[in-house]
Amino acid sequence: LKKAGTPTMGGILIAAVFLASSLLWARLDIRSVWLALGAFAWFAVVGFWDDYTKLVLKNSKGISARAKVALQAAGAAAFMLVYFHGRGAWDVTRLNLPFIKRPFYLPVALYCGFGVLVLVGSSNGVNLTDGLDGLAVGTSAFVSLALAMIAYLVGHAALSAYLIIPHVPELGEVAVLCSAMLGSCLGFLWYNAHPAQVFMGDTGSLALGGFFGAVAVLAKQEVLLLLVGMVFVLEALSVIVQVASFKMRGKRVFAMAPLHHHFELKGIPESKVIVRFWIVAALFMLAAVSTFKLR
């Protein structure tokens with residue numbers, strides 16, 4: 001109630017700065033660049049539609065959860081189809097696991113479904129985390145930094161060979177996009193820090209998560225994204241566990257889900273919950289990048 005009236009749909013600001021920076025500094029003749037930008041744009045449009053329905057059309061529920069997930073899945077499926085186009089299945093369906101040098105290869109259909117799950121899951125994970133001032137965008141800054149480093153290492157032939165990780169030519173340009181996203185998140189955090197002057201809304205949170213999922217797929221580090229974005233994973237798992245427990249046992253595991261509200265209701269001040277989550281995000285970011293060397 002005390003936050004009622006705070007402007008939202010601030011994700012438009014993130015999108016504007018990110019897209020402008022990317023178009024200025026990234027090479028636009030690289031396919032991976034357009035795939036990542038396309039994924040971001042699609043998820044931003046889905047989030048914008050949801051925010052517009054709530055704010056302008058005065059429908060407090062926005063678009064239905066089923067419709068939202070369907071639109072996310074449709075965009076993710078289109079991403080995977082374009083990603084596959086013109087490439088050999090052996091090169092695309094390779095799945096790399098942290099700490100393991102030898103890759104696994106999945107059937108095409110299974111890998112496509114897995115890729116859709118990565119994008120949709122990542123998008124909703126960020127969306128669920130966006131419940132406290134600066135929590136989602138601050139965590140997203142750490143994730144953007146980690147993905148920038150990962151994209152650079154994967155795209156560098158000599159470094160990827162030295163680290164025995166898959167080399168994806170020209171993916172270094174995606175590191176430019178991740179750096180632009182880092183800057184956009186930090187700029188938005190200036191106004192979204194507690195007490196927030198503006199909220200990002202679904203326009204920002206869905207787009208951020210969709211972009212992270214797309215970069216993970218392009219870098220062939222889909223599983224590592226779980227470690228990079230562990231805060232988002234824990235937030236999503238807390239909701240899944242809470243709902244499942246209540247439906248099966250009639251009891252709640254957490255005082256409230258997502259997880260950040262549980263700690264709030266335990267008496268921890270909002271600002272302290274936010275900073276502690278940022279610390280956890282930073283630690284997981286370092287742990288994720290270190291897996292390239294620890295094998």
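## Overall fold

A residue counts as buried when its relative accessible area is under 20%. By that cut-off, buried residues make up 49% of the 295 residues in the protein chain. The model is predicted.

The protein chain has 13 helices and two strands. Its C-alpha trace spans about 55 × 40 × 35 Å along the principal axes. The radius of gyration is 19 Å, which agrees with the value near 19 Å for a compact globule of 295 residues. Among contacts with a separation of 6 or more, 72% are between residues 24 or more positions apart.

## Surface and charge

The protein chain exposes about 13,900 Å², and carbon and sulfur atoms supply 71% of that area.

## Nonpolar cores

The largest nonpolar core has 72 residues, and Phe79, Met181, Phe211 and Phe212 are those with the most contacts inside it. Helix 6 (residues 135-155) gives the largest share of this core, eleven residues. Another core, of nine residues, lies apart from it; Leu135, Phe254, Val273 and Phe277 are among its members.

Setting aside residues up to four places away in sequence, Met181 touches Ile14, Phe18, Phe40, Ser144, Leu208, Phe211 and Phe212.

## A buried serine

Ser22 is found in helix 1 (residues 11-25). Ser22 counts as buried because its relative accessibility is 0%. Its contacts, leaving aside neighbours within four places in sequence, are Leu28, Leu37, Leu177 and Ala180.

## Cis peptide bonds

His194 and Pro195 are joined by a cis peptide bond, with omega about -5°. Pro195 is in the loop between helix 8 (172-192) and helix 9 (201-218).

The bond from Ala257 to Pro258 is also cis, and its omega is near 0°. Pro258 is placed in the loop between helix 11 (230-249) and helix 12 (259-265).

## Positive phi outside glycine

Lys58 is not a glycine, yet its phi is positive, at about 60°. Lys58 is found in the loop between helix 2 (31-55) and helix 3 (65-84). With a relative accessible area of 68%, Lys58 is exposed, since the cut-off for exposed is over 50%.

Ile164, a residue other than glycine, also has a positive phi, near 55°. Its place is in the loop between helix 7 (157-163) and helix 8. Ile164 has 43% relative accessibility, so it counts as partly exposed.

Key: Residues numbered from 1 in each chain as written. Predicted model: local features only at pLDDT ≥ 70, side-chain atom pairs only at ≥ 80, totals over all residues. Heavy atoms only, no water. Core = buried A, V, L, I, M, F, W, Y, C linked by side-chain atoms within 4.5 Å. Buried < 20%, exposed > 50% of the residue type's maximum accessible area, 1.4 Å probe, protein only. Helix = DSSP H or I, 4+ residues; strand = E, 2+ residues; numbered from the N terminus. Contact = heavy atoms within 4.5 Å. Rg over C-alpha atoms; globule rule 2.2 N^0.38 Å. Areas by Shrake-Rupley, 256 points an atom, 1.4 Å probe, with all protein chains shown as cover.
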